[in-house]
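Dear colleague,

I am handing over the structure below, together with some notes on what was found in it. Please read the notes with the model open beside you.

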Amino acid sequence: MTTDSGKLDRREFMKIAAAATAVGGAVSASTTAQAQETGFRNIKALAFDAYGTLYDVFSVTALCEELFPGKGNALAQLWRVKQLQYSMMRSLMGRHREFWQLTGDGLSYATKSLKLDLSADKRKRLMDAYLSLAAFPDVKPGLEALKKLGLRLAVLSNGEPKMLAAAAKSAGIADLLDANISVEEVKIFKPSPRVYNMGPEKLNGSNPELGFVSSNSWDAAGAASAGLITFWIQRSAAEPPEELGFGAAQVVKAITDLPQLLRG
């Protein structure tokens, strides 16, 4: 959906992404309450969402605009919408496909929808851009501060291993991560509880010892539904939480807010 100027409104993007989301399972209220009472000090590890939380998916907008003048913002927004929709739709269909391929499928749809001529060269440049997305300014200092506290840090993402490794290396945070946990191990995308259940398993901890961090409210809701202690990074003050019945244990503005919250 585009406006008359050809740009996809960010609020509309959030609505479309949220409409494609479904979550299941149950969260333990007592676990969340206990964590809040102790200032989250039982948490020994944090798992972070990748796309939209650590890495800015809209950092591709400049390249989109360079390749398709006047259509860059619309392309970047619609591309992300279809990427999310396809991951959720394929999960419901039981037809898993690697996230790299889904990203390409979303790009193909977006360019066709906007009537843009996507040559092989332009496609390659845009896809390669997803391997070197810009990290948000709070990411590296926030992770460094958390690492100094002795916390184990990991990524828990829809992305496949090669995408996650490339993004972490490009952002200069690979050495700060203990693991890149990919949905490829369970062959289903978020917000399936099977994805979030990998966190405690891979980081060798129980649910009360693991915090999950995402700037995507639907993602935080999915993790909370699966029983994890969740932190929502509300990067836009205008964005309300999703109406899914499962909220984050704590809302923060940046990753750099977490060290004081966990060990203050």
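K115 is exposed, with 74% of relative accessible area, where exposed means over 50%, buried under 20% and partly exposed in between, with a 1.4 Å probe and protein chains only. This is a predicted model, in which local features need pLDDT of at least 70 and side-chain atom pairs count only at pLDDT 80 or more, while totals for chains, interfaces and linings use all residues. Residues are numbered from 1 along each chain as its sequence is written, and side-chain values use heavy atoms, with hydrogens and water left out.

K115 sits in the loop between α5 (99–113) and α6, the helices (H or I, at least four residues) and strands (E, at least two) being DSSP runs numbered from the N terminus. Although K115 is not a glycine, its phi is positive, at about 60°. K187, which is not a glycine either, has a positive phi of about 60°; K187 belongs to the loop between β3 and α9 and counts as partly exposed, at 48% relative accessibility.

As for the chain as a whole, there are 12 helices and 6 strands, and buried residues make up 52% of its 264 residues. Taking contact to mean heavy atoms within 4.5 Å, residues 24 or more positions apart account for 69% of the contacts that have a separation of 6 or more. The accessible surface of the chain is about 11500 Å², with 51% of it belonging to carbon and sulfur atoms; such areas come from the Shrake-Rupley method with a 1.4 Å probe, and for residues only the protein chains shown count as cover.

The loop between β3 (179–182) and α9 (193–196) also holds K190, which is buried at 1% relative accessibility. Its side chain makes a polar contact of 2.9 Å with the side chain of D49 and reaches the backbone oxygen of L156 at 2.9 Å. A polar contact is a pair of N or O atoms within 3.5 Å; within protein, one must be able to donate a hydrogen and the other to accept it, and residues adjacent in sequence count only if both atoms are side-chain atoms. Leaving out residues up to four places away in sequence, K190 touches several others, among them M88, F212 and W218. The peptide bond that joins K190 and P191 is cis, with omega about 10°.

K190 is also one of the residues that line the largest cavity, including D49, R80, F99 and D219. On a 1 Å grid over the protein atoms alone, a cavity is a set of points where a 1.4 Å probe fits but cannot get out, and lining residues have an atom within 4 Å of a point. Helices α4 (72–93) and α11 (217–225) are the elements that give two or more residues to this lining. About 70 Å³ of space lies in this cavity, a volume being the space filled by probe spheres set on the points, which are joined across faces, edges and corners.

Finally, D138 lies in the loop between α6 (120–129) and α7 (139–148) and is buried, with a relative accessible area of 9%. Its side chain is joined to that of R235 by a polar contact of 3.1 Å. The C-alpha atoms of D138 and I255 are separated by 5.8 Å, although the two residues are 117 residues apart along the chain.

With best wishes

Definitions and conventions:
1 Å grid on protein atoms, 1.4 Å probe; cavity = no way out; pocket = protein on both sides within 12 Å on 5 of 7 lines; lining within 4 Å.
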